[in-house]
Amino acid sequence: MIFVTSAADAPSTPGAYALALRLGAPLDVRIGKNSATLPAGDYLYCGSARGYGGLRARLARHMRPHKRAHWHIDQLTAGASLIGAFVEEQGDECALNAALADLPIPVAGFGSSDCRRCAAHLRFWPEGAALPSRWENARKAARFT
């Protein structure tokens, strides 16, 4: 696992990622017919990149400020600032999400409408909450590169 702050630093191979975002103010989101308000704070969204361009292409899309809304996460990326992304080549988004099981789910179904295993692929990352050690190690290593 690595931590990147730019899509250009991500590999162009398939894999999974956890996008780290900071929401400066509450944000209203829609999940199907339901709506909710996400409070200000930090979030981790777990996704996968299996198509052309792999992780680099998917993260570049998420990090682009102006795009057509296609996925639930597009609502959040439009109103949040990017912290970076935890990236795992050949990884699985549900496994990344499971590793974050100690973090709360802010909105059921967010980002997981096509997943039968997870209640949501979005986690709220409270201030001061620790991440799993390999996640923290990836983030610390990124600061020194």
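1. Asp 74 pairs with Arg 61 in a salt bridge whose closest N and O atoms are 2.8 Å apart, the term denoting a side-chain nitrogen of Lys or Arg within 4 Å of a carboxyl oxygen of Asp or Glu. Because Asp 74 belongs to helix 2 and Arg 61 to helix 1, the pair ties together parts that are 13 residues apart in sequence; helices are DSSP runs of H or I with at least four residues, strands are E runs of at least two, and both are numbered from the N terminus. Asp 74 is buried at 4% relative accessible area, and Arg 61 is buried at 15%, where buried means under 20%, exposed over 50% and partly exposed in between (1.4 Å probe, protein chains only).

2. This is a predicted model, in which local features need pLDDT of at least 70 and side-chain atom pairs count only at pLDDT 80 or more, while totals for chains, interfaces and linings use all residues. Residues are numbered from 1 along each chain as its sequence is written, and side-chain values use heavy atoms, with hydrogens and water left out.

3. The count comes to five salt bridges, including one between Arg 134 and Glu 88 (2.5 Å, N to O). Arg 134 lies in helix 4 (residues 133-143) and Glu 88 in strand 6, so this pair ties together parts that are 46 residues apart in sequence. Arg 134 is partly exposed, at 40% relative accessible area, whereas Glu 88 is buried at 17%.

4. Asp 42 forms a further salt bridge with Arg 22, the closest N and O atoms being 2.7 Å apart. Asp 42 is buried, with a relative accessible area of 15%, whereas Arg 22 is partly exposed at 42%.
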